[in-house]
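Keep the viewer open as you read.

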Protein chains: 2
Amino acid sequence: MKIRYLTLLTAAMATFAGVALGDTGGGDVSPIYGVKLPDGYRQWALVAPAQEAAPLDELRAVLGNDLAIKAYQASTLPFPDGTVLVKLAWKHVQSPEFEPASIPGAATTVQVMVKDSSKYASTGGWGVGRFINGKPADEAQHQTCFACHQARVQNHDFVFTRWVP
Amino acid sequence: MKIRYLTLLTAAMATFAGVALGDTGGGDVSPIYGVKLPDGYRQWALVAPAQEAAPLDELRAVLGNDLAIKAYQASTLPFPDGTVLVKLAWKHVQSPEFEPASIPGAATTVQVMVKDSSKYASTGGWGVGRFINGKPADEAQHQTCFACHQARVQNHDFVFTRWVP
C-alpha cells in the first residue's frame, strides 16, 4: 500500500512537472531550452506588429500573456518571471481585394520567449522555442537566438518588440 | 412624487442609452454613425496584421471583441450583432535595432466597425468610426467607407480582414 501511494505520488509529480512551461518532457519542446507552445496563445493581446524584408518577406505579430502585457503597460524591466511572448509570422502577400494592402499568407514560424530567471540564467533569463507547423525547429536554429538578442537589445531585457498604443 | 419618479426613470433611461455602443450622445462619436472608441479594445485579441503601401506607408492590426473572435474562429457569417472590430494603424518605420525589420512608428488612425443589423440596416449592418488622436474624423471621411466595403467585400459581410491562425 505504501509503494502504491509512492507510485501515485511520483506520477502526480511528473504530471505537475509536465504542465509547467518550459518542461522538457515531450517531443514538442524546443532543443536546448525545452520550451513548448503555450496553450491559448492565439487569444493573447497584441504587443505590436512588424514586417520583415526580403528574403523572408513576412508580416509578424508579437502577442503576450497577461504578465507580459501588464509589464509592457507599466514599462516594467526586466520582465517578471512567467512572462511569455509569442511571435507569429506569415508570408507577406498582396490583398486580392484591396491592392494597396498586403496581408498574411501562409504561416511560417511561431517563436516563443519564456522568462524564468533561474532556469535560463545563462541566457538573460529567457528560454526560447521556434516552431514550424507546431513542431520545434532543430538545435542549430536555437543556438543563434541569444547572441543576437544580447548584442542588440540587452538594454530592453533582450526583447526587441516594444509596446505600441 | 410621481414627477420625481418620472425624472429618475428618464435619467436612468438616458444613462442606459449612453452606455450602448454606437450612441450619439457625446462629442467623441463618429459623424453619421455615432460610433465611439470601445473601452478596453487595446487588450482584445488579434484578428490579423496588414501593411498598407505608399503613400500611407502603414503597419496595421485588426483586433476583435470576444464575439468577433468567436465568429471568426467558427467562420460565422454574417457576424452577429454586437461584433466590434478595431483597426489600429501606425506609420511604418525601419527598426533601429534590426535592419531587415520595420516596426510601428507614430499612430495614425483607429477605425472601428460595430455590427447592429437594425440600427445600421442601410450600410450592411455596420456602423463605422474613424478616430485620430482619439477624436472622430470629419463627416466627409465617413461618407466613403461603406461604398468601398460594399464594392469589394460584400461576400464577407463587408469585412476585409480574415482570421489568420
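**Across the interface, then into the sheet**

As for what counts, two strands pair if DSSP finds at least two bridges between them. Helices and strands here are DSSP runs numbered from the N terminus, with at least four residues of H or I for a helix and at least two of E for a strand. To find one of the contacts by eye, look for Q51(A), whose bridge partner in β4(B) is S102(B).

Before going further, a word on what you're looking at. This is a predicted model, in which local features need pLDDT of at least 70 and side-chain atom pairs count only at pLDDT 80 or more, while totals for chains, interfaces and linings use all residues. Residues are numbered from 1 along each chain as its sequence is written, and chains are lettered from A and ligands numbered from 1 in the order in which they are written.

The predictor gives the complex an ipTM of 0.84 and a pTM of 0.84. How many residues does each chain bring to the contact? Chain A puts in 28 residues and chain B 28 residues, where two residues are in contact if their C-beta atoms, placed from the backbone, lie within 7 Å. On the chain A side, β1 (45-52), β2 (58-64), β3 (84-94), β4 (101-115) and α4 (145-153) each supply at least two residues. Of these, β1(A) gives the most, with 7 residues.

Now hop over to chain B and its strand β2 (residues 58-64). Is it buried or exposed? It's mostly covered, with 7 of its 7 residues buried, meaning that 20 or more other C-beta atoms, placed from the backbone, lie within 10 Å of the residue's own. E58(B), R60(B), V62(B) and G64(B) point one way, L59(B), A61(B) and L63(B) the other, and all are buried.

Terms used: A residue is buried if 20 or more other C-beta atoms lie within 10 Å of its own, exposed if 12 or fewer, and partly exposed in between; C-beta atoms are placed from the backbone.
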